[in-house]
Every structure is written in structure tokens, then in C-alpha cells.
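Open the model in your viewer and keep the selection tool at hand. This tour goes stop by stop, and each stop starts with something to select.

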Amino acid sequence: TRQVLTKKDPEMIVLDLLLEMCSPEHQIGFEYVVRAILLCAETRKWIDNITFGLYPQLALEFDTTPSRAERAIRHVIETIWSRTDYNTLDKYFGSSVNPNKGKPTNGEFLARMANIVRMEMKR
């Protein structure tokens, strides 16, 4: 029998990852994080220009301000870091998960998640 290759949906990959990491779907920032990861997975330019590119883009799309978008994303990451077990965080973030180091920055988190999404789409 012939295998049918199907392209993985990047949004489903992101949602699966975030849910595995106990991300709170009810938080305002959840949608921002999903969209930010998708944008960053699509093209590197967003990761290279988070403050003056990505946050304003999210603000436009979600009718908010860039600073509120940044804060909402940071809050989601803080929640993930406090809820998710160490083994799951280590699985995706490896050496960047150091209990003494604390959570990653928004940029570190988004870049890592975008790389994971890109790798998953190539499988």
C-alpha cells in the first residue's frame, strides 16, 4: 500500500505543545503566544525584531498595545514554568531549563518553540 503524506498543521503542533506544557488556555496571552510562535516559525524576522516588530504586529491583530502583548506573553510563560513538570520542560528546552536560572525570556521561549514547530513540520 502507498502511504499518503500529509503536511502537519503548524497551529495544531503549537496547540499540542502548549497544552502538553500546561499552558492556560483561558489567559488572554494564550492566543498571543500561539500567533507569535506561528509568525516566528514562518520567518526569522520576527525573532530578530521582537520589540519593534512582533509585539506591534500582535497588538494590531489583537487590538491591544505592544506592551500589553509583551506582558501577556510573559505571563503565559511564567505560568507554564510554574505548572509544567521538569521532565517536560527539559524535553523541549534542555540546558536552558535550569532551576537556578529561572524561566526563559519571551524571545528565548518563542525562538525555541518556533524551532520545534519547524522541525515537527519537516517530519
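The model is predicted.

**Stop 1: helix H2**

Select residues 28-42, which form helix H2. Check its length. At 1.5 Å a residue, the 15 residues of H2 should span 21 Å, and the end C-alpha atoms are 23 Å apart, so the two agree.

Now colour by accessibility. How many of the residues of H2 are buried? The count is 11 of 15, so H2 is mostly covered, with buried meaning under 20% relative accessible area. Pick out Gly29, Phe30, Tyr32, Val33 and Val34.

What covers them? Show helix H1 (10-20), helix H3 (45-48) and helix H4 (50-62), which are among the elements that cover the buried residues of H2. Helix H5 (66-83) and helix H7 (106-122) belong to that cover too.

**Stop 2: H2 against H4**

The crossing is right-handed. On the H2 side, select Glu31, Tyr32, Arg35, Ala36, Leu39 and Cys40. On the H4 side, select Leu54, Gln57, Leu58, Glu61 and Phe62. These residues make the contact. By class, the contact of H2 with H4 has seven nonpolar, one polar and three charged residues.

**Stop 3: helix H7**

Select residues 106-122 for H7. At 1.5 Å a residue, the 17 residues of H7 should span 24 Å; the end C-alpha atoms are 25 Å apart, which agrees. Highlight Asn106, Phe109, Leu110 and Ala111, which are among the buried residues of H7. Met113, Ala114, Ile116 and Val117 in H7 are buried as well.

Now show the partners. The buried residues of H7 pack against H1, H2, H3, H4, H5 and helix H6 (86-93).

**Stop 4: H1 against H7**

Hide the rest and keep H1 and H7. How do H1 and H7 lie to each other? Their axes come within 10 Å and cross at roughly 125°. H1 and H7 are therefore oblique to each other. The crossing of H1 and H7 is right-handed. From H1, pick Pro10, Ile13, Val14, Leu17 and Leu18. They meet Phe109, Met113, Ile116, Val117, Glu120 and Met121 in H7. By class, the contact of H1 with H7 has 10 nonpolar residues, no polar residues and one charged residue.

**Stop 5: Met113**

Stay in H7 and zoom in on Met113. Is Met113 buried or exposed? With a relative accessible area of 0%, Met113 is buried. Not counting residues up to four places away in sequence, Met113 touches Leu17, Leu18, Met21, Ile37 and Phe93. Draw a distance from Met113 to Ile37. They are 76 residues apart in sequence, yet 6.4 Å apart in space, C-alpha to C-alpha.

**Stop 6: the loop between H1 and H2**

Select Ser23, found in the loop between H1 and H2. At 6% relative accessibility, Ser23 counts as buried. Leaving aside neighbours within four places in sequence, Ser23 is in contact with Leu18, Phe30, Val76 and Ile80. Now draw a distance from Ser23 to Thr43. They are 20 residues apart in sequence and 24 Å apart in space, C-alpha to C-alpha.

Go on to Cys22, which is also placed in the loop between H1 and H2. Cys22 is partly exposed, with a relative accessible area of 33%. Look at its backbone. Most residues other than glycine have a negative phi. The phi of Cys22 is positive, near 60°.

**Stop 7: two aspartates**

Jump to Asp63, in the loop between H4 and H5. Asp63 has a positive phi of about 55° although it is not a glycine. At 74% relative accessibility, Asp63 counts as exposed.

Finish at Asp48 in helix H3. Asp48 counts as exposed, at 52% relative accessibility.

Notes. Residues are numbered from 1 along each chain as its sequence is written. This is a predicted model: local features need pLDDT of at least 70, side-chain atom pairs count only at pLDDT 80 or more; totals for chains, interfaces and linings use all residues. Side-chain values use heavy atoms; hydrogens and water are left out. Helices (H or I, at least four residues) and strands (E, at least two) are DSSP runs, numbered from the N terminus. The expected span of a helix is 1.5 Å times one less than its number of residues. Buried means under 20% relative accessible area, exposed over 50%, partly exposed in between (1.4 Å probe, protein chains only). Contact means heavy atoms within 4.5 Å. Axes are lines fitted to C-alpha atoms, for helices over the stretch in contact, and angles run from 0 to 180 degrees between N-to-C directions. Angles under 35 degrees count as roughly parallel, over 145 as roughly antiparallel, 65 to 115 as roughly perpendicular and the rest as oblique. A crossing is left-handed if the near helix is turned anticlockwise from the far one by less than a right angle, and right-handed if clockwise. Ala, Val, Leu, Ile, Met, Phe, Trp, Tyr, Cys and Pro count as nonpolar, Asp, Glu, Lys and Arg as charged, and the others, Gly among them, as polar.
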